[in-house]
Amino acid sequence: MNDTGPLLAIDGVTKAYPGVVANDNVSFTIHPGKIHALLGENGAGKSTLVKMIYGLVRPDSGAMLMHGAPFAPASPSAARTAGVAMVFQHFSLFDALDVAENISLGMEHPPPRRTLAERIREVSEAYGLPLDPTRRVGDLSAGERQRIEIVRCLLQDPKLLIMDEPTSVLTPQEVEILFRTLRQLAAEGTSILYISHKLEEIRTLCDGATILRLGRVVAECIPAERSAGDLAEMMVGQTLKAPEHAGGSAGEVVLSVTGLSLDPTHAFGTRLRDVSFQVRAGEVLGIGGVAGNGQDELLAALSGETLAPIGAITVNGRDIGTSGPTARREIGVLTAPEERLGHAAAPDMSLTENAMLTGYQRKGLAKNGFLDWRRARSFAEEIIKTYDVRTPGPGKAARALSGGNLQKFVIGREILQEPLVLAVNQPTWGVDASAAAAIRQALLDLAGRGAAVVVISQDLDELMEISDRFSALNEGRLSPSRPTHDLSVEDIGLMLGGAHDMEVAHVSG
Amino acid sequence: MRLEKRPEPSRAWMVATPVLAVILTMIAGGVMFALLGKDPFVAIRTIFWDPLFNEQFAAYSRPQLLVKAAPLILIAIGLSLGFRAGVWNIGAEGQYIIGAICGAAVGLAFYPADLFIVFPLMVLAGALGGFLWAMIPGLLRVRFGTNEILVSLLLVYVAEQLVASMALGPLRNPEGGGFPGSRNLQQYSAASNGELIAGTGMHWGVVAAFISVIFAYILLNRHLTGFHIRLAGQSPRAARFGGVNPGRLVLFCMGVSGALAGLAGMFEVSGPAGQIGIDFNVGYGFTAIIVAFLGRLHPVGILLAGLLMALTYIGGELAQFMLGLPSASIQAFQGMLLFFLLAVDMLTNFRVRIGRGAKI
């Protein structure tokens, strides 16, 4: 084996699914000890590609070479044996088990429990990822959970570590720590395949980048030599316009939440603690925070799915906390939860029926309880047209739409009802860049027309872009809000609670 | 060969699967009858054809079709609402019994007064009895989170004990010479649910069954409550988000299915059965579960499924009588119908692909 030879070479790999070519003749190489970025929008084919490397999917044609030898893992366990490890974007951990139990479940041949706990301590300290093997996973933050996944990979001594969107759940401080760990691993000779659509991260971390668009490689570059704008254009294939604020001044306080404390409705939910904020007409309040810090609970409290004590939530001085979703919609308080399929929309129902789901009151789609399907259909058509939802028609089932298209439909459905208050959770999660820009613009336009808008998001760039004021949710507590324009990344990181339990973090070697 | 999930449920298969299930049942049932030493073609013909068109039997069995189908349809329509919403009332048999007891008790209380009001009051009492019996599992689920499947099912056995003790005790015919069983309501004209058109089997229960089909169709397709029922069954979180109160929906579904089952019991006791006896119930409440699923939980489907199921009952009896088939084999035949229906059901949501790896 030659030191300068590639660790992994992907050569002309093609994978097609019915109706879509996920990867079309994709080639690139990763050298030992390098951090290589795979950059692309959602649906560009990044996931399919790494699934092939990890043995979850087989290519239709093309070859992969590991150290110059043909590499065609038939299963993830074959890939692991060959030295490939992967940290998924969505963790596969059991809340009710402890850290060591979770790690041993993911290993091919787990060592005895005591040895394993020792090894976990060793590895986690060596890489600056403190982890207590006896803690229960349900009690850990997202950053700590990710550490479990990383440590699980490191225990297998991988030659190639694949990280799928690892920073989407981390605070800026935690991102710094993760990057130090990754650089240390690279220095020790491990190759890292880093998947992301966050350009600045890739510019600071990665040695090389392959950019995918619609399943094809559109460019190879050294990210540090390119500007974020260049990378974005290569990724999207067009120039993106930053959303514009309508520039209206904030009016009277519309939505007011005072001392809202709520017990979690299920085990491992987050308790809301003394949450207070106000949103004025024409204003966008951004609420940041790492996933699992009370975002879902806060949105449920605003939508009426969870009821609040009297006086805790008022709109224009009128209590709404004690009324359910139906009564709140009547007043003009609308929401869009994070999970599109199964929460914001019923998967097996048509778009017309899903338009009816939240629209029947304000759009006059029902009279005396009898439903007017013709009007519901034209409302659905209006949403599809106004928000450029790509679908053959309103008769299609919600689950037949791609995530981004369904998100446009869900957000559009609420905005077109001209709410007084709109609260959205993760409005652009999994949505491609141009659609995300359209959704952000629509939210700003809505605020420009005088609505009070609350945007809960884990995407800090998004919040900086569209919100007038910023608050952070941390373990169910909401920080006081601060105007967005004079916030630095460090400020935000501290508001988010800094790095969880990271006081002892250190990097050795 | 492997299964692949369809992006959308197939409408064509949704209609075709019940037909396919009936055909498969005929084939498998035919094999079973052949193994029992009977000519499968004759057996299938006796079950499906002779009750309607055989010159010798049709005059008797044709009216029986409506008589047997009416309670099945009435109960299945109510159950289908709950099943669509994820509310599993398995105890319609019990609600049917209680409806019959309440209806009969009201009628007997007026005996022998010849008042117009007696029958309408019996209808109300029957519906109310079934409704209240179904409220027991309904309220327990809403209030304490008990499992309505178990509670409603176990209440069937309570109801069976109750009907037996009624037949021996309070409702026993004082002029019956000490035999168990109530007075025969068919002989008490103010309380009798007789044939509306002679020779057709058409009684008020049949009318109620047809009305319930129309009612359910409008509810599910045109009314907010029906929309919420479908929503809650398909996607409970989306339903909550849409403003559905889950507890209220459980009570609505349990209440309607209980009331319809109670009505079915009341029409039966005042009509075809005539009296409260120890073994009054014959399993309509359980068979209606099969009818509801055979009809795809769709009102029109249930109408057709109820008629089909009634046909297998009548045809099954005929086959026992004519060919000497054991009654267990008829029950197995009906069981096959549900089995095949559930098995081929997956074709609406999945498609079968031959060979590995999909290419475009």
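Student: Let's start with a loop. Between which two helices of chain A does Asp388(A) lie?
Tutor: Keep in mind that this is a predicted model. Asp388(A) sits in a loop of chain A. On either side of that loop are helix 12 (373-386) and helix 13 (403-415).

Student: And what is phi of Asp388(A) near?
Tutor: Asp388(A) is a residue other than glycine, yet its phi is positive. The value is near 55°.

Student: Is Asp388(A) buried, partly exposed or exposed?
Tutor: Its relative accessible area is 40%. Buried would need under 20% and exposed over 50%. Asp388(A) falls in between, so the word is partly exposed.

Student: Over to chain B. Is Asn89(B) buried or exposed?
Tutor: You'll find Asn89(B) in the loop between helix 4 (58-85) and helix 5 (92-110) of chain B. Its relative accessible area is 2%. The cut-off for buried is under 20%, so Asn89(B) counts as buried.

Student: Which side chain does the side chain of Asn89(B) join in a polar contact?
Tutor: Setting aside neighbours within four places in sequence, Asn89(B) is in contact with several residues, including Phe83(B), Ser152(B) and Met254(B). The polar contact between side chains is 2.9 Å, and the partner is Ser257(B).

Student: How do the chains meet, and which element gives the largest share of the side of chain B that touches chain A?
Tutor: 25 residues of chain B are in contact with 40 residues of chain A, and the buried area is about 2,700 Å². The rule finds two salt bridges across the interface and twelve residue pairs in polar contact. Helix 8 (204-222), helix 9 (224-234) and helix 10 (236-241) of chain B each give two or more residues to its side. The largest share, six residues, comes from helix 9 of chain B.

Student: Last one: how many residues has the largest nonpolar core?
Tutor: In soluble globular proteins, nonpolar side chains tend to be buried together. Here, those with the most contacts inside the core include Phe409(A), Leu443(A) and Ile276(B). The core has 156 residues.

Methods: Residues numbered from 1 in each chain as written. Chains lettered and ligands numbered in written order. Predicted model: local features only at pLDDT ≥ 70, side-chain atom pairs only at ≥ 80, totals over all residues. Heavy atoms only, no water. Core = buried A, V, L, I, M, F, W, Y, C linked by side-chain atoms within 4.5 Å. Buried < 20%, exposed > 50% of the residue type's maximum accessible area, 1.4 Å probe, protein only. Contact = heavy atoms within 4.5 Å. Buried area = accessible area lost by both parts, 1.4 Å probe. Salt bridge = Lys/Arg side-chain N within 4 Å of Asp/Glu carboxyl O. Polar contact = N/O pair within 3.5 Å; in protein donor to acceptor, adjacent residues only side chain to side chain. Helix = DSSP H or I, 4+ residues; strand = E, 2+ residues; numbered from the N terminus.
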